[in-house]
Amino acid sequence: MDAEPLAKGRAFTFIKVDKIMNEKLVSRNKTESLLFEVILIAKECSEQIKIKIVESVKHYGLEICQFYFCKKEELINTLQSLKVKLFLSTDRDDIYKALHTGIPAALLYDQADQNVRDQLKVIFSGDVIGFSEDSLDRLTDFGFSETQIQTFKAAKTCMKEFAILIGEMRTRFGRENSPLCTCLITTWGSRNVCASPSIGCTNR
């Protein structure tokens, strides 16, 4: 087999920073149970490619707790069986399907800075999780389609649990000089949206 590892993907920096966050949490509390667990899910491929993926993960020193290789039509069932708290992918169709089945999901973009830092920044959209159901229904007045509004509603429901978990993890580090920063951005509403009790996420 070719010894050259696979090129770094879009999730590389995120996975490396997750490892750093886990190390910092454990250094504060050796019995800490609220940690990041990264699961790599890939589409069905040859045994040679599977080995290449596993060997590349080892080469880069990434912490992957489980590997799953499944057919595209089995993806959602796999995510549900694993009780995934956040699904990241470069495939927009997979993200759409995940959100509409109640699985928190987000699209992976290229990182502007590939240098691994010892800080993780999580940005939530207040336009999705901060608005009430009535407010979302009124988005038709701003030109949004019914399909888009239903997507917003699905995202609001399933992202709330992830936001709460990140908020709990954030409190482990205290308020000053935390390596885990959370931020909420809203473009449609007032500052009152950021204070909505439905968000349940600790501010940085």
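A nonpolar core is taken here as a set of buried Ala, Val, Leu, Ile, Met, Phe, Trp, Tyr and Cys residues joined through side-chain atoms within 4.5 Å, where buried means under 20% relative accessible area, exposed over 50% and partly exposed in between, with a 1.4 Å probe and protein chains only. The model is predicted, so local features need pLDDT of at least 70 and side-chain atom pairs count only at pLDDT 80 or more, while totals for chains, interfaces and linings use all residues. Residues are numbered from 1 along each chain as its sequence is written, and side-chain values use heavy atoms, with hydrogens and water left out.

The largest nonpolar core has 15 residues, of which Leu120, Val122 and Leu180 touch the most other members. Two or more residues come from each of α1 (12-28), β5 (120-125) and α7 (146-171), and α7 gives the most, with 5 residues. Helices (H or I, at least four residues) and strands (E, at least two) are DSSP runs, numbered from the N terminus. Apart from this core lies another, of 12 residues, which includes Ile76, Leu79, Ile95 and Leu99.

With contact meaning heavy atoms within 4.5 Å, and leaving aside residues up to four places away in sequence, Leu120 touches Phe14, Val17, Asp18, Met21, Phe36, Pro179, Leu180 and Cys181. Strands pair if DSSP finds at least two bridges between them; β5 and β6 (residues 180-185) run parallel and are joined by 6 bridges, and Ser125 stands opposite Ile185 in β6.

Helix α7 has 26 residues and reaches 37 Å from its first C-alpha to its last, close to the 38 Å expected at 1.5 Å a residue, the expected span being 1.5 Å times one less than the number of residues. At Met159, α7 bends by about 35°, an angle taken between axes fitted to the seven residues ending there and the seven starting there.

A search of the whole structure finds 1 aromatic pair. The ring centres of Phe12 and Tyr60 are 5.4 Å apart and their planes lie at 75°, so the pair is edge-to-face. Phe12 lies in helix α1 and Tyr60 in helix α2 (residues 47-60), so the pair ties together parts 48 residues apart in sequence.

Two residues are set out by accessibility below.

| Residue | Relative accessible area | Class |
|---|---|---|
| Phe12 | 8% | buried |
| Lys83 | 63% | exposed |

Lys83 is placed in the loop between α3 (75-82) and β3 (87-89), and its phi is near 55°, a positive value in a residue other than glycine.

How values were computed:
Rings of Phe, Tyr and Trp (its six-membered ring) pair if their centres lie within 6.5 Å; planes under 30 degrees apart count as stacked, over 60 as edge-to-face and the rest as tilted.
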